[in-house]
Amino acid sequence: MYIDYEPDHSVVEHGKATYREITDYIQQKYGFHVTNLNIAQVKDKLGFEKRENYNKGAEGHKVPQVTPEKEKAIMEAFRHFKML
């Protein structure tokens, strides 16, 4: 079966990158490591949709916050992967 289809280019497509791609990019460009938690915290600040994390840890645990330096690098990685 053949379907004639032309994509609608008026819809803005956002890039996608895995957490691994983001951490590898930051490691290569900046020389330091960011954790999945750091990336998730920045996504939360920006209101990105994420799937549910089933490994939430114990209630009352102190969760380390992302540093400004790492947040800046993650934001740049989001721009690089066209996620912003």
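Of the 84 residues in the protein chain, 25% count as buried, where buried stands for under 20% relative accessible area, exposed for over 50% and partly exposed for values in between, with a 1.4 Å probe and protein chains only. The model is a predicted one, in which local features need pLDDT of at least 70 and side-chain atom pairs count only at pLDDT 80 or more, while totals for chains, interfaces and linings use all residues. Residues are numbered from 1 along each chain as its sequence is written, and side-chain values use heavy atoms, with hydrogens and water left out.

The chain has 3 helices and 0 strands, these being DSSP runs (helices H or I, at least four residues; strands E, at least two) numbered from the N terminus.

Leaving aside neighbours within four places in sequence, Ile-26 is in contact (heavy atoms within 4.5 Å) with Gly-31, Phe-32, Val-34, Ala-73, Ile-74 and Ala-77.

Thr-23 lies in helix α1 and counts as buried because its relative accessibility is 8%. With neighbours within four places in sequence again set aside, Thr-23 is in contact with Val-34, Asn-36 and Ile-39, and its side chain reaches the backbone oxygen of Arg-20 at 2.9 Å.

Methods: A polar contact is a pair of N or O atoms within 3.5 Å; within protein, one must be able to donate a hydrogen and the other to accept it, and residues adjacent in sequence count only if both atoms are side-chain atoms.
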